[in-house]
Amino acid sequence: MPIFLLLSGLPNADPAVIAERDDCYPPGQGYVLIINNFSQEREASTKDVEGLRDFFGKIGYKVNTEEDLTKDEMIDALDMAKQDIQRTARGKNKFKYSCFICIVSSHGDKEGVKSHDNQTVSIAELQTPFLGDSLKCMAGSPKMFIIQACRGDKKQPGVDRADEEPGDEGQPDISDIMRSVTTPRDADILVAYATTDGFKAWRRTGEGSWFLFEMLEVFKAKVQSDHLLDMLTEVNDKVSHRTVVGSEPAKQMPCQVTTLTKKFFFST
């Protein structure tokens, strides 16, 4: 069902209303690139990809899916997406995608995500082709990078909180999380990480990764009314309540780095 029918009667995300609001990005069809590496050994990742393709397909976005790419192939896939967006913008109808979304599901560490040939691809390498000076037809439009990967080997512990005096121990230093995106060239960028720096990200066989599963559940429930950052805040909350059980219980805390300058709704 087209998203504009789903959104009818809902003032928050009505495309006609959004188009008139200065505090929202213009509505329209988005472009989605999904890269899923190590698909055979990360069996649950196929559930994530199926869910992502289904959600973005139903709201009318263009979706390209790639699997088990080497680093060179990942760079090529990003470049091909960039060229596709440019070619469409230069075409007869001068069509402009409303946003670009790159979703990478893979192994990872503090330096970035892993390609299928076990090389590191940094978040900067994912972003660079789509920054304002590299993809001028998307300047002023949101570019979003959703990263489902570990960012280290540590298991994040839980912290007990007293009801009468909530503590802040164990909370990530926001200045550390935000430090990498600072210049106007990087405007209108969102990076949504499955976990905070240094920690593992978890998945469940048959369900998929904690982060992408909860993200899709929230998107499907709130796409008609909420903008993206509000939905991701809810995802943070839902994932934070999950716990790996066993001899070493562990938690997971998603986080976002953003230079978005307006509210973003999934509307076409």
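Here are some friendly notes on a predicted model, taken topic by topic.

1. **Ground rules.** Because this is a predicted model, local features need pLDDT of at least 70 and side-chain atom pairs count only at pLDDT 80 or more, while totals for chains, interfaces and linings use all residues. Residues are numbered from 1 along each chain as its sequence is written, and side-chain values use heavy atoms, with hydrogens and water left out.

2. **The aromatic pairs.** The structure holds 14 aromatic pairs (rings of Phe, Tyr and Trp, the last by its six-membered ring, with centres within 6.5 Å; planes under 30 degrees apart are stacked, over 60 edge-to-face, and the rest tilted). One of them joins phenylalanine 100 and phenylalanine 130 in a stacked arrangement, at 4.0 Å centre to centre and 15 degrees between the planes. The two partners come from distant parts of the chain, 30 residues apart: phenylalanine 100 belongs to strand S3 (residues 100-105), and phenylalanine 130 to the loop between helix H5 (123-127) and strand S7 (143-148). Helices (H or I, at least four residues) and strands (E, at least two) are DSSP runs numbered from the N terminus.

3. Because phenylalanine 130 sits in the loop between H5 and S7 while phenylalanine 145 is in strand S7, the pair ties together parts 15 residues apart in sequence. Phenylalanine 145 is buried too, with a relative accessible area of 0%.

4. **The aromatic cluster.** Stepping back from the individual pairs, Tyr31, Phe95, Tyr97, Phe100, Phe130 and Phe145 form one aromatic cluster. Tyrosine 61 is placed in the loop between helix H3 (45-58) and strand S2 (62-67), and it is buried at 5% relative accessible area.

5. **Salt bridges across the chain.** The whole structure has 12 salt bridges (a side-chain nitrogen of Lys or Arg within 4 Å of a carboxyl oxygen of Asp or Glu). In one of them, aspartate 23 meets lysine 263, with the closest N and O atoms 3.2 Å apart. This pair spans 240 residues, from the loop between helix H2 (15-20) and strand S1 (31-36) to the segment after strand S11 (255-258). Aspartate 23 is partly exposed at 32%, and lysine 263 is partly exposed at 31%. Lysine 62 and aspartate 84 form another bridge, at 2.6 Å between the closest N and O atoms. This bridge connects strand S2 with helix H4, 22 residues apart. Lysine 62 is partly exposed at 26%, whereas aspartate 84 is buried at 13%.

6. **A bridge within one helix.** Lysine 220 and glutamate 217 also form a salt bridge, 3.4 Å from N to O. Because they are 3 residues apart in helix H7 (residues 210-222), about one helical turn separates them. Lysine 220 is partly exposed at 47% relative accessible area, as is glutamate 217 at 37%. Elsewhere, salt bridges with shared partners join Arg21, Asp23 and Lys263 into one network.

7. **The negative patch.** Which residues gather in a patch of negative charge on the surface? They are Glu66, Asp72, Glu73, Asp76, Asp79 and Asp117. A patch takes residues with over 30% relative accessible area and no salt bridge, joining like charges within 9 Å and nonpolar side chains (Val, Leu, Ile, Met, Phe, Trp, Tyr) within 5 Å. Helix H4 (residues 71-90) gives the largest share of the negative patch, 4 residues. Aspartate 76 lies in helix H4 and is partly exposed, at 45% relative accessible area.

Definitions and conventions: Areas by Shrake-Rupley, 256 points an atom, 1.4 Å probe, with all protein chains shown as cover. Lys, Arg positive; Asp, Glu negative; His and termini not counted. Charge placed at Lys NZ, Arg CZ, Asp CG, Glu CD. Buried < 20%, exposed > 50% of the residue type's maximum accessible area, 1.4 Å probe, protein only.
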